[in-house]
Amino acid sequence: MKILHTADLHLGQVLYQYYDRSDEHQHFFHQLEQWCKQEQPDALLVSGDVFDIQQPSATVKKAFTDYFVKLHQQCPQMHMVITAGNHDSASRIQADSSVWKLANAHLIGTPPATDSLERSDGWQDQYIIRLDSGYIVALPYMAGDRREIIQSILDRVDKDNTQGLPVVMMAHQAISGLDPAGHHFDIGKLRTLDPSAMGIGYDYLALGHIHKPQTIGHKEDQDTKNTAIHQAPVVRYSGSALHVSCDETYPHTVSVVDIDRHQGNVQIHQLRIDELRHFYILPLDGTSFTSSEAALASMNEFVSKGERGYIRFRFDINTDLPSNFGQMVYDALSFYHDEWRYNPKMLWTGDSDNKDTEKEKLVFEVAELQQMSDPMIFIERTRDQYPGLDLEDVRQAFEEVKAEMHILKEEKEAKNRQKSTPTKQ
């Protein structure tokens with residue numbers, strides 16, 4: 001069985017509340033199209049976070065349709081299995097599943113209900129795609145530990161798999177032992193599941209959620225030309241389609257996975273993704289700027305070399321920047337018509353000379369606080385009190401919490417609908 005494994009497309013992502021990345025996604029899908037034609041896999045797997053937000057625009061949804069219809073046209077025999085991640089709306093992904101079957105695509109959005117084990121209606125089959133070459137268990141993002149539900153699906157596959165065909169399972173989860181490089185969360189606070197929670201019976205677990213390509217339990221060379229062979233079962237993150245920050249300094253890849261038989265060998269080859277725009281931190285030598293003049297002069301020299309990408313600055317913490325420094329950067333880069341883009345999240349280094357000086361504190365009226373329905377409003381108003389605070393990371397954390405609450409709400413509503421539906425006698 002041969003698959004192409006990718007995840008975390010984040011279609012519709014807008015970086016730094018300003019930059020649309022549609023041309024970067026188009027560049028990625030052009031490569032993916034070529035790889036599908038070249039490799040001729042049995043299936044292309046997309047393990048969650050198809051969209052960046054739960055309610056993507058009509059333009060973004062059209063781009064999704066155009067990309068995957070073209071993939072189907074280029075490789076009509078290839079199955080495409082797409083599952084919902086924590087950034088996606090489970091019900092919206094599921095709503096389009098029937099029509100996508102006409103394009104040999106399987107969209108799995110809604111996870112199994114928490115009371116699924118009490119049913120005997122063959123609910124497991126909703127998450128099993130049977131191919132001539134093997135089985136794919138397609139699980140969308142699920143909150144919490146649901147090992148019994150997962151095992152029930154794998155047991156159903158095992159009962160059916162009398163020929164010993166490969167078994168691939170998809171999931172969008174944080175698994176213990178992962179390398180969180182590039183993500184701004186404390187690994188000690190990240191809720192992870194032990195690999196045992198994903199059940200027994202798969203040969204390859206195609207994961208999404210973490211952006212760094214990695215095989216859990218194996219330290220692999222970053223040279224993407226190397227091919228790794230492991231004994232099943234193998235647990236792997238394909239990594240995201242695009243770099244999403246300057247901190248993702250590792251290569252991003254699509255995984256080509258060959259499995260010879262059930263409980264056999266799993267061969268993994270990485271296809272290096274060529275990013276349309278790279279991320280750069282200035283100065284490139286790892287030092288820090290001590291003046292806005294030096295930073296702007298260095299940037300102007302760097303961007304004039306004919307490349308394109310995202311620029312971020314590293315400053316000594318004692319540097320006094322003019323209040324309009326950001327606008328000065330935007331004005332300088334406007335000449336390049338969006339090919340060079342500005343990351344306004346500064347990196348600050350060193351110790352402050354004024355660390356004993358108490359900063360002026362903001363005072364809010366109670367009525368003013370009561371009107372702040374969004375916690376980000378308060379955080380943004382007080383950002384000057386915390387020079388090291390990364391607003392994008394805080395905003396992302398709130399979005400992930402909102403996404404998980406939305407998924408839990410959808411599951412509860414689905415469960416209530418099942419209870420209210422009269423059973424046939």
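Modeller: Helices (H or I, at least four residues) and strands (E, at least two) are DSSP runs, numbered from the N terminus. This is a predicted model, in which local features need pLDDT of at least 70, side-chain atom pairs count only at pLDDT 80 or more, and totals for chains, interfaces and linings use all residues. Residues are numbered from 1 along each chain as its sequence is written, and side-chain values use heavy atoms, with hydrogens and water left out.

Biologist: Where does Asp49 lie?

Modeller: Asp49 belongs to the loop between β4 (43-47) and α2. Its phi is near 55 degrees, a positive value in a residue other than glycine.

Biologist: Why is Asp49 called buried?

Modeller: Buried means under 20% relative accessible area, exposed over 50%, and partly exposed in between (1.4 Å probe, protein chains only). Asp49 has a relative accessible area of 2%, so Asp49 is buried.

Biologist: What makes Tyr16 count as buried?

Modeller: Tyr16 has 8% relative accessibility and therefore counts as buried. Tyr16 is found in the loop between β2 (14-15) and β3 (19-20), and its phi is positive, about 55 degrees, although Tyr16 is not a glycine.

Biologist: Which peptide bond involving Pro233 is cis?

Modeller: The bond from Ala232 to Pro233 is cis, with omega near 5 degrees. Pro233 sits in the loop between β12 (227-231) and β13 (234-237).

Biologist: Which residues does the other cis bond, with omega about 0 degrees, join?

Modeller: That cis peptide bond joins Leu282 and Pro283. Pro283 is placed in the loop between β16 (278-282) and α6 (292-303).
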